[in-house]
Amino acid sequence: MRNFLRALPALFILLFCAFFSLSAQNFQFKGYVKNSVTGEPIEGANVYVTNLSTGVITDSTGYFSMFLPQGTHAVEFTYVGFESKKRNIALNRTVTINMNLEESSQLLQEVSVSGQVEDHNISSSEIGVSKMSMKTIEKMPSFMGEVDVMKSLLMLPGVSTVGEGTTGLNVRGGNIDQNLILLDDAPVFNSSHLMGLFSVFNPDMVRDVTFYRGAIPAQYGSRVSSVLDIKIRNPETERLKLAGGVGLISNRLMLEGPIGKSEKLSFLIGGRASFSDYLLKISPNKSIQDTRANFYDVTGKLLYKLNNNNKLQVSFYRAHDGFKLASDSLSAVEINASSSQFAWETANATVRWDHAFTDNFIANIVGVYSDYNAIISSPEPTNGFDLTSAVKYRKLKSDFSWFSSGGHSVMFGAAATKYIIDPGHLDPNSDQSSINELLLQQENGLELAGFVSDEIIFNDKITLMLGLRYSYFQSMGERNVYSYEPNQPYSLKTITDTTFFSKGEKVASYHGAEPRFSFKYSLNPSSSIKLGYNKMRQYLQLVSNTTAALPIDRWQLSNTYSQPIIADQLSVGYFKNLNSNEYEVSAEVFYKTTQNVSDYKDGAELLLNQALETAILHGSGYAYGLEFQTKKNLGRLTGWLSYTYSQARQQVKGDFEEEEISGGEYYPTNFNKPHILNMSATWKESARVNFSANFTYSTGRPVTYPDDKYYVYGLFIPNYVSRNQYKIPDYHRLDLAMTVGPDPAKQTKWQGSWTFSIYNVYARKNAYSVFFKPNNQAAVNQANAYKLSIFGTIFPSITYNFSF
C-alpha cells in the first residue's frame with residue numbers, strides 16, 4: 001500500500017497532462033441563483049442537468065457556468081431549505097438565466113447532513129465531503145441550549161473527540177491541530193469557549209458549513225487531516241432586521257440591513273455574551289462559587305456591491321474568554337497559585353474582492369489578519385505572574401476560476417502566509433513577586449503556495465478532478481539554534497554550541513508537491529463509485545502532553561529539528577440513492593499514512609522549555625477505517641445513521657532508549673476509538689412543532705495505566721512503561737429536543753420560537769479519564785483508581801429565539 005501511495009504523484013502528473021487538453025465545442029449556460037425574498041445570492045445551490053446526469057455548484061456570488069452540447073436540456077435548481085425549480089433550456093447559443101428560489105415552508109428537507117441536494121452525492125466527484133446548513137444544526141439537541149457547529153460535526157462518520165467538554169476534532173486518525181478551521185478564510189486556532197464546552201461560532205451569523213475529510217481540494221493546504229470551511233452569511237440588502245436569542249448560558253443579538261437608501265452597501269453584526277458567572281454563584285459549593293467562566297464574541301460583515309462584476313466584503317470576528325479556578329497549581333513552572341486566571345482571545349479580519357473578468361473567468365483576492373493570544377495570571381503577591389503566548393497570522397491569496405467550453409472547470413491561484421509565534425513570556429506582575437522573568441524565542445516563518453485544479457466531465461458517467469498544490473516553507477530568524485553532542489540524546493546537558501540567525505535570515509526550509517485527485521464513475525443514475533487521493537504538508541503543530549488541549553498549549557513552526565508533517569490518504573466509496581432520493585446510502589474506506597508526527601517524552605515539560613527539541617520526539621503513523629452512513633431525506637421522519645470502524649497507530653523509534661516510546665513499537669493514539677455509532681433523527685409533528693433526538697456510542701479512548709510502582713523515600717511512585725495499552729469505559733449518550741416555531745399562518749413582523757432540550761437524558765456518568773493514586777498506607781501492589789466524569793448528570797435547557 002505504501003509503495004502504491006508513493007507512486008500516485010507520478011500517476012497523477014501523467015493523468016493531468018493527458019486530460020487537461022481535452023476540449024469540445026459546446027455552448028455556455030450561465031446565470032445566478034438568488035433568494036427570491038432577500039435577493040441574496042445562494043452559494044452552494046445545485047444546478048443539475050438531469051438528462052446528462054451532470055451539474056455544478058454556485059459560487060459565493062450565486063454564479064454558475066457550464067458548457068453543454070447543443071439541444072434541449074432539463075435543468076433543476078435546488079438548495080437545502082428552498083423549493084426546487086425545473087426549467088427546460090433550449091441551447092443553440094450562449095444562454096443566461098437568473099433563477100430565484102423560494103424558501104420552503106416545509107422543514108422536512110432541512111434535516112440532511114449534506115447541504116448538497118438530491119443526486120449531488122451520486123453525480124459529483126467529491127468524496128469525504130459533508131455540507132450542513134444552519135437550519136439542520138439548529139434542530140439538533142444541544143448542551144444547555146447553545147447551538148454548536150463543532151459538536152454537530154461529531155455526528156458525522158470519521159469524526160471523534162477525546163471526551164466531553166474538550167476542544168477540537170479528531171478526524172480519520174489525526175490530532176486536533178491537523179484540522180484547518182476557517183471562518184470566512186481566516187484561521188481559528190482555538191474553536192471553543194469555556195475550555196471546550198461550546199464552539200466559538202455564533203449560529204446567527206453562519207450561512208453554511210463545509211467539511212472536507214477526504215480528497216481535499218487543491219486550494220486548501222497547511223493541514224493534513226481535514227478542512228472546516230465556515231462562511232459568514234451575507235447581510236440583508238432591502239430592510240433592517242433584528243434577531244437574537246435568550247438561553248441559560250448566553251444571550252445573542254444580531255442586526256443587519258442596508259446602509260443608506262442604496263442596496264449596494266449593507267452590514268451584518270451579531271454578538272453573544274455569557275452570564276455563566278451568575279449561575280456559578282448560585283451553587284452551594286464554595287469552590288464552585290469562587291470559579292469564574294465567561295465569554296463574549298462579535299462577528300460582522302460589510303458588503304459593497306460596486307457593480308455586476310465587482311464585489312467587496314469585509315468580515316471581522318472578535319472573541320474573549322475568561323476562566324478562573326478557585327484553586328489550582330501550575331507545576332510546569334513550579335508555581336503554586338491559589339487563584340490562577342486563564343484568558344484567551346481571537347481577533348480576525350478578512351478583506352475580499354470578487355471580480356468577474358468575463359462570465360466564465362472570475363477572480364477572488366483575499367487578505368487575512370488573525371491574532372490568537374492566551375494568558376495565565378496569578379494575583380498572589382509573592383508568586384504573582386503573567387504567562388502570555390500568541391500566534392500571529394497574515395495571509396494574502398488570489399484564486400481564479402475559469403469555465404471552459406470543453407467540459408473543464410479550472411481553478412488556480414497562489415498564496416503567501418506569514419507566521420509569528422510567541423511561545424511564552426513569563427513575567428512577574430508585582431514588585432513583591434519572587435518569579436523571575438523568562439522570555440522564549442520568537443518563531444518566524446513564511447509559507448508560499450501555488451495550486452491548479454481541473455474538474456473534467458467526460459460524459460454522464462465519468463468525472464475526474466485533478467489538482468496539484470506546491471508549497472514552500474522557510475523558518476527565519478531572529479533566533480538561536482542549539483547544537484548537540486553527536487551520538488547522544490538531545491538534552492540540555494548535551495548542548496555544545498549556539499548558532500545565531502539574524503532577523504529574516506533563513507534557518508531551515510522545506511518544500512514539496514501535494515497532488516490531489518478524485519474520480520467518479522456512475523454505475524447507473526442512482527449509484528456511483530468514487531476514488532480519492534491527497535497528499536498534504538503541515539508546517540505548524542500544536543505541542544501538548546495533555547489529553548485535552550488547553551488554550552495555553554504551545555504552537556511550534558517547522559524548524560531545524562522539527563520537520564513538517566506529511567500525510568498521504570487514499571479513499572474509496574460507494575454511493576447509492578433509493579426510492580427517488582428518499583434514502584441515501586454510502587460506504588467509504590480510507591487508508592492514511594503520516595510522517596514526522598510529534599509526541600512527547602515521558603515526564604517532559606513543554607510549556608516554558610527553551611529547547612523544545614529535547615522534550616518531543618518524532619515518528620510515523622497510519623490510520624485506516626470504514627465509514628458507513630444512511631440518510632432519510634423525505635417524510636415526517638428524517639435524519640441519518642452513521643457507523644465508523646477505524647484504527648490509528650503511531651510509532652516513535654529512535655537510536656536511544658530515551659528517544660523511543662513503548663520500546664519503538666506501534667501504539668494507539670490518544671484519540672483512537674475503533675467503534676463509533678451516531679444517530680440523529682427529527683420527527684415533524686406539525687407545521688410548528690418538531691422533535692429531534694441524537695444518540696451516540698463510542699469505544700473508550702486509550703489510556704496509560706501504571707505497570708508497577710517503586711518505593712522511594714517512603715512514597716510509592718507509579719511506573720508507566722507501555723503507552724495507551726488500556727482503554728476507559730465505553731461512552732454513550734442520548735439527547736432530546738423539541739422546537740416550537742411561529743405559526744406559519746400568521747405573517748407578523750415579530751417571529752419567535754422556543755427550543756427545549758435535554759442533554760444526557762439517562763444521566764450516564766461517562767468517564768472522561770481514569771487515573772491512579774498510590775495508596776501509601778497499603779501494600780506495594782495496591783493503588784486506588786478514580787474515574788472523572790465531566791457531565792455526569794442530566795442537563796435540561798430552554799432557549800427563546802426571535803427575529804424582527
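These legends describe an overview and several close-up views of a predicted model. Local features need pLDDT of at least 70 and side-chain atom pairs count only at pLDDT 80 or more, while totals for chains, interfaces and linings use all residues. Residues are numbered from 1 along each chain as its sequence is written, and side-chain values use heavy atoms, with hydrogens and water left out.

**Overview. The whole protein.** The secondary structure comes to six helices and 52 strands. Helices (H or I, at least four residues) and strands (E, at least two) are DSSP runs, numbered from the N terminus. Of the 804 residues, 56% are buried. Buried means under 20% relative accessible area, exposed over 50%, partly exposed in between (1.4 Å probe, protein chains only). Among contacts (heavy atoms within 4.5 Å) between residues at least 6 apart in sequence, 66% join residues at least 24 apart. The protein exposes about 33400 Å², with carbon and sulfur atoms supplying 56% of it. Accessible areas come from the Shrake-Rupley method with a 1.4 Å probe; for residues, only the protein chains shown count as cover.

**View 1. An open sheet of three strands.** The strand order is β4-β1-β7, with mixed pairing. Strands β4 (63–68) and β7 (95–101) form the edges, each pairing on one side only. Neighbouring strands are turned by 25 degrees against each other on average, direction ignored. Axes here are lines fitted to C-alpha atoms, for helices over the stretch in contact, and angles run from 0 to 180 degrees between N-to-C directions. Strand β1 (residues 27–35) runs parallel to β7, joined by seven bridges. Two strands pair if DSSP finds at least two bridges between them. Lysine 34 stands opposite asparagine 100 in β7.

**View 2. Antiparallel pairing around β48.** Strand β43 (residues 689–698) pairs with β48 (residues 731–740) over 10 bridges, in the antiparallel sense. Here valine 689 stands opposite valine 740. Strand β48 also runs antiparallel to β49 (residues 751–759), through five bridges. Methionine 738 faces phenylalanine 756 across that pairing, standing opposite it.

**View 3. Salt bridges of arginine 272.** The whole structure holds 27 salt bridges. A salt bridge is a side-chain nitrogen of Lys or Arg within 4 Å of a carboxyl oxygen of Asp or Glu. Glutamate 146 and arginine 272 meet in one at 3.9 Å, N to O. Glutamate 146 sits in the loop between α3 (134–139) and α4 (149–153), and arginine 272 in strand β19 (residues 265–274), 126 residues apart. Arginine 272 also forms a salt bridge with aspartate 297, at 2.7 Å between the closest N and O atoms. Aspartate 297 lies in strand β20 (residues 292–307), 25 residues from arginine 272. Relative accessible area is 6% for glutamate 146, 3% for arginine 272 and 0% for aspartate 297, so aspartate 297 counts as buried.

**View 4. A salt bridge between glutamate 627 and arginine 213.** Their side chains meet at 3.4 Å, N to O. Glutamate 627 belongs to strand β39 (residues 616–632), and arginine 213 to the loop between β15 (206–212) and β16, 414 residues apart. Glutamate 627 is buried at 2% relative accessibility, as is arginine 213 at 3%.

View 5. Asparagine 234 lies in the loop between β16 (226–232) and β17 (241–246). Its side chain joins that of lysine 301 at 2.9 Å. Asparagine 234 is buried at 2% relative accessibility. Aspartate 354, in strand β24 (residues 341–358), is buried at 4%. A 2.6 Å polar contact joins its side chain to that of asparagine 364.

Notes:
Polar contact = N/O pair within 3.5 Å; in protein donor to acceptor, adjacent residues only side chain to side chain.
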